[in-house]
Amino acid sequence: MKALVWHGKEDIRYDTVSDPAIEHPRDAIIKVTSCAICGSDLHLFHNLVPAMLPGDIMGHETMGEVVEVGSDAKGSLKKGDRVVIPFTIQCGECDQCRRGNFSVCERTNRKKALGDKAFGHATAGLFGYTHLTGGYPGGQAEYLRVPFADTTHIKVPGGIDDEKLLFLSDIQPGDTVAVWGCGPVGQMTIRSAILLGAEQVIAIDHLPERLSMAAAAGAITIDFMQESVVDRLNALTDGKGPHKCIDAVGTESHVDFGQPDTVLDRAKQMLMAENDRPHVLREMIYVCRPGGVISIIGVYLGLVDKIPMGQAMNKGLTFRMAQAHVPRWTGDLLRRIEDGQIDPSFVITHKVDLSKGPEMYATFRDKADGCVKVMLQP
Amino acid sequence: MPLTNVTGVARSEGDPRVQRKGPSSLTGPDRLARALGWFSVGLGLAELAAPGRLARALGLDDKEGLIRAYGARELASAVPTLSIDKPIGLAARIGGDALDLATLAPALHRDNPKRHNAAIAAALVAGITLLDIAAFKGVKAAHRRDGGAARDYSDRSGLPRGAAASRGLARKDFDIPPDYRAEGTVADAIPALPS
């Protein structure tokens with residue numbers, strides 16, 4: 001089959017690889033109909049995530065049709081089922097899965113010893129990601145083996161386009177919610193905050209096309225290259241700061257001499273003295289309303305420097321963060337898509353054949369041609 | 001050293017194997033920049049390790065300290081050249097090439113018995129300078145952000161009922177799980193405190 005394969009820094013290739021096969025009775029094989037390039041794929045593209053190996057297949061946003069089912073998964077799946085595959089692999093039986101914390105499933109990381117060393121305690125197995133999370137082949141391919149398939153899938157009905165379903169992966173009324181980053185995750189976050197009734201949603205980025213997309217959903221926009229984020233957020237909240245600050249940027253914040261800490265972080269990152277560039281995190285802690293909530297959905301990788309814990313502690317901030325516990329939300333989201341409350345296809349700006357994957361990685365990374373989200377089809 | 005070498009982690013037995021490599025995301029200028037970055041590493045280490053031998057070979061006996069400093073400069077420019085921020089490293093390399101040529105110029109004088117070595121070195125630096133300029137221009141052209149600013153996505157709300165009508169829509173029937181609730185935290189207590 002054909003697949004997008006990681007060979008090293010900035011080196012993704014459209015290779016011919018051997019077909020996957022059922023390895024365990026709970027497995028299934030799906031024929032991929034659509035997949036997407038995620039912002040966190042760029043961290044792999046930039047070789048910032050440790051423990052990738054040449055030959056690893058990329059991709060963790062995938063949907064398709066079931067073509068083969070292991071004997072123990074037959075109760076839940078059958079050939080021809082249309083499924084979205086969450087990026088987290090979950091057993092559905094361990095203590096964490098029973099609590100709904102699917103992204104930290106205790107049983108699906110097949111390289112648990114490595115994960116234990118890296119994280120203290122291993123997290124769930126993930127598709128198309130580092131060997132710290134199991135090193136499972138990803139879905140930017142023609143076929144995908146889904147381990148624990150009886151619990152690692154979301155069945156979706158026919159009649160709804162792939163574009164609306166591919167991204168199935170607490171806000172109080174009256175809140176001001178500030179969202180840093182208007183990439184695909186930030187755009188979905190903005191719409192979720194609107195649907196949950198936030199009074200003001202403020203979107204922060206510097207790319208005009210992404211800010212225009214944020215404004216389309218009713219967000220107030222801040223171009224951080226044109227004005228001070230802190231000053232504007234305070235002006236919009238009577239000097240009190242946002243109630244909820246959401247980081248949809250993560251490890252690779254924009255580097256600019258106007259934000260000198262980002263230049264220092266980038267230099268440290270090049271010298272392997274720091275894994276992440278946490279500019280957004282520092283800014284959120286500084287500007288957040290005392291007693292507010294800092295929420296991190298943008299991916300961080302390892303060690304970060306100069307986090308102002310004094311500010312965070314003295315302001316009584318609450319931190320929330322996780323890889324998404326996907327199945328916890330998918331039923332509700334699917335219902336809202338079917339009900340016409342949200343149409344996630346708005347975010348797809350480029351829809352191309354899988355063979356164009358290598359060049360689309362560069363296009364997405366360079367934010368060229370107004371690229372916000374790439375959808376690939378084998 | 002990569003973590004994978006330390007831990008001995010390997011790809012799992014049943015996972016798909018590469019049978020035939022296909023086209024890569026790396027462009028020609030990317031590969032040239034990478035080669036120049038590794039060249040910087042090699043030259044920088046040589047200049048740091050044996051500045052005296054290099055100085056004597058070029059007839060620049062009094063410039064040993066300067067050559068050692070240039071070694072450090074080569075390593076410093078190699079880091080961004082080998083990173084994803086290649087233009088910064090390549091620009092630093094082009095500046096360094098100019099310094100190298102300026103340093104070699106006096107060694108081309110007739111009085112220098114090693115002027116032939118110096119001439120060869122100057123020719124090599126000139127050639128490398130052309131490659132640095134080609135890589136710099138190529139990388140800038142390959143990775144420029146074309147056309148993005150012209151795009152306007154203000155018709156992409158993703159909210160079929162409109163932004164205003166969608167505000168709070170999910171509030172009516174979304175049951176926030178207890179471990180995700182924000183009320184009852186210090187966030188609610190703060191406004192109640194006497195001012």
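Guide: The dialogue below considers the interface of chain A and chain B.
This is a predicted model, in which local features need pLDDT of at least 70 and side-chain atom pairs count only at pLDDT 80 or more, whereas totals for chains, interfaces and linings use all residues. Residues are numbered from 1 along each chain as its sequence is written, chains are lettered from A and ligands numbered from 1 in the order in which they are written, and side-chain values use heavy atoms, with hydrogens and water left out.

Visitor: How many residues of chain A are in contact with chain B?
Guide: Here 88 residues of chain A are in contact (heavy atoms within 4.5 Å) with 65 residues of chain B.

Visitor: What area do chain A and chain B bury between them?
Guide: The size of an interface is often given as the accessible area lost when the parts come together. With a 1.4 Å probe and summed over both parts, chain A and chain B bury about 6,500 Å², of which 54% is on carbon and sulfur atoms.

Visitor: What is the count of salt bridges between chain A and chain B?
Guide: A salt bridge is a side-chain nitrogen of Lys or Arg within 4 Å of a carboxyl oxygen of Asp or Glu. The count is nine; one of them joins A:Arg266 to B:Asp85, with the closest N and O atoms 2.4 Å apart.

Visitor: Which strand of chain B is joined to β2(A)?
Guide: Strands are DSSP runs (E, at least two residues) numbered from the N terminus, and two strands pair if DSSP finds at least two bridges between them. Strand β1 of chain B (residues 18-20) runs antiparallel to β2(A), joined by two bridges. In β1(B), B:Val18 stands opposite A:Val17.

Note on methods: Buried area = accessible area lost by both parts, 1.4 Å probe. Helix = DSSP H or I, 4+ residues; strand = E, 2+ residues; numbered from the N terminus.
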